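The conventions behind each term are given as the term comes up.

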Amino acid sequence: MTKLSKTYAPSESETYMNAKQLEYFRQKLLAWREELLKESQETIEHLKEEEWREADLADRASKETDAGVELRTRNRYLKLIAKIDAALKRIEEGEYGYCEETGEPIGIKRLEARPIATLTVEAQERHERMEKQYVEEE
């Protein structure tokens with residue numbers, strides 16, 4: 001395993017997806033995953049502790065609405081965790097950082113902003129245009 005200094009940040013001047021960069025993104029993904037799991041657990045605990053037998057219908061409806069929002073957020077977290085797990089697998093397999101469509105480097109800046117990215121900006125834009133076109137044709 002590659003050791004990183006606390007101040008390490010990937011740069012464009014390094015060899016793309018070298019061992020340090022891969023370890024940097026692996027750690028970034030694991031920290032993000034841990035944060036999402038912690039927040040999901042807090043949601044579960046909050047919902048368990050909630051008093052659901054509210055006499056006032058408006059109060060009960062409000063609590064149920066809040067719980068629905070929390071559960072939707074938790075569901076989004078679960079989907080994100082699956083994408084994080086897929087990114088971690090790509091790191092293990094040596095495919096991380098490369099566009100799944102073109103094979104080109106995704107780029108450090110894009111991966112910093114969205115470490116689960118699987119497409120270059122150009123490929124993503126092309127994909128979105130095709131989706132938009134498909135929706136408009138329906």
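Helices are DSSP runs of H or I with at least four residues, strands are runs of E with at least two, and both are numbered from the N terminus. The model is a predicted one, in which local features need pLDDT of at least 70 and side-chain atom pairs count only at pLDDT 80 or more, while totals for chains, interfaces and linings use all residues. Residues are numbered from 1 along each chain as its sequence is written, and side-chain values use heavy atoms, with hydrogens and water left out.

A polar atom of the N18 side chain lies 2.8 Å from the backbone nitrogen of K20.

T120 belongs to the loop between α3 and α4 (121-137), and it counts as buried because its relative accessibility is 3%. From a polar atom of the T120 side chain, the backbone nitrogen of A123 is 3.1 Å away.

Within helix α4 lies Q124, which is partly exposed with a relative accessible area of 23%. The C-alpha atoms of Q124 and E42 are separated by 34 Å, the two residues being 82 residues apart along the chain.

E104, in the loop between α2 (57-93) and α3 (108-113), is partly exposed at 44% relative accessibility.

Conventions:
Buried means under 20% relative accessible area, exposed over 50%, partly exposed in between (1.4 Å probe, protein chains only). A polar contact is a pair of N or O atoms within 3.5 Å; within protein, one must be able to donate a hydrogen and the other to accept it, and residues adjacent in sequence count only if both atoms are side-chain atoms.
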